[in-house]
Amino acid sequence: MVNLETLPHPEFLPYPNHYTVAFFRNREDAEKAIRELEEHGYDDEEFSLFEGAHGVSAVDLEGTHHTVLENFMRKFIKFSDSAEWNFLREADQEIKNGHILLCVPTPNDLEKKEVIATFKRTGGYDLRYFTPLYVEEVV
C-alpha cells in the first residue's frame with residue numbers, strides 16, 4: 001500500500017532536470033500512479049511529492065525562501081515569461097487548490113514514455129518533461 005506521507009516531500013522545488021511531472025486532482029489518483037510505477041521498478045525515494053501548505057512553500061513562487069542566486073533566477077524567469085515560470089505559477093495555484101504535483105526522474109526515453117503512459121492512465125494532467133534546455137508539454 002502506498003503511503004503518501006512517507007514519500008519525499010522536498011523543501012524546495014528545484015529545476016526538475018530530466019523529470020516527468022504531472023498534477024493529480026486527489027490523493028487516490030496519485031497513489032494509483034505511484035503503485036503502478038512501483039510495479040515497474042521505481043522506489044519511493046525516486047518520487048517527489050508537493051501538496052498542501054508544505055508544497056506551496058516548496059514551490060516558493062517568488063523565491064523568497066531561496067538563496068540570493070535562486071531568488072535572482074526566479075525573478076529572471078518571471079520576467080522572461082518562460083515555460084518554467086508558467087509551470088511554477090501553475091504549480092503554485094494547483095497546490096493551493098488542493099491538488100498534488102508528482103515528479104519522477106526519467107533519464108531516458110523509455111522511462112519517460114512509461115511514466116507518461118502511467119500518469120495518463122491514472123488521472124494525471126498537465127504533464128511536462130523537463131530537460132536542461134526546454135520544457136516539453138505532453139499532450
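This is a predicted model: local features need pLDDT of at least 70, side-chain atom pairs count only at pLDDT 80 or more; totals for chains, interfaces and linings use all residues.
Good morning. I begin with the hairpin that strands S4 and S5 form, with four residues between the two strands.

Strand S4 covers residues 125-130, and strand S5 covers residues 135-137. The two pair in the antiparallel sense, over three bridges. Within this pairing, Phe-130 has Val-135 of S5 as its bridge partner.

S4 also has a partner in strand S1, residues 19-24. Here too the sense is antiparallel, and the pairing runs over four bridges. Opposite Phe-130 of S4 stands Tyr-19.

Is S4 buried or exposed? Five of its six residues are buried, that is, under 20% relative accessible area, so the strand is largely enclosed by the rest of the structure.

I turn now to the helices. Helix H1, residues 27-39, packs with helix H5, residues 109-121. The angle between them is about 145°, and their axes lie 9 Å apart. The crossing of H1 past H5 is right-handed.

Which residues make this contact? From H1 they are Ala-33, Glu-36 and Leu-37. From H5 they are Val-115, Thr-118, Phe-119 and Arg-121.

Note on methods
Residues are numbered from 1 along each chain as its sequence is written. Side-chain values use heavy atoms; hydrogens and water are left out. Axes are lines fitted to C-alpha atoms, for helices over the stretch in contact, and angles run from 0 to 180 degrees between N-to-C directions. A crossing is left-handed if the near helix is turned anticlockwise from the far one by less than a right angle, and right-handed if clockwise. Contact means heavy atoms within 4.5 Å. Buried means under 20% relative accessible area, exposed over 50%, partly exposed in between (1.4 Å probe, protein chains only). Two strands pair if DSSP finds at least two bridges between them.
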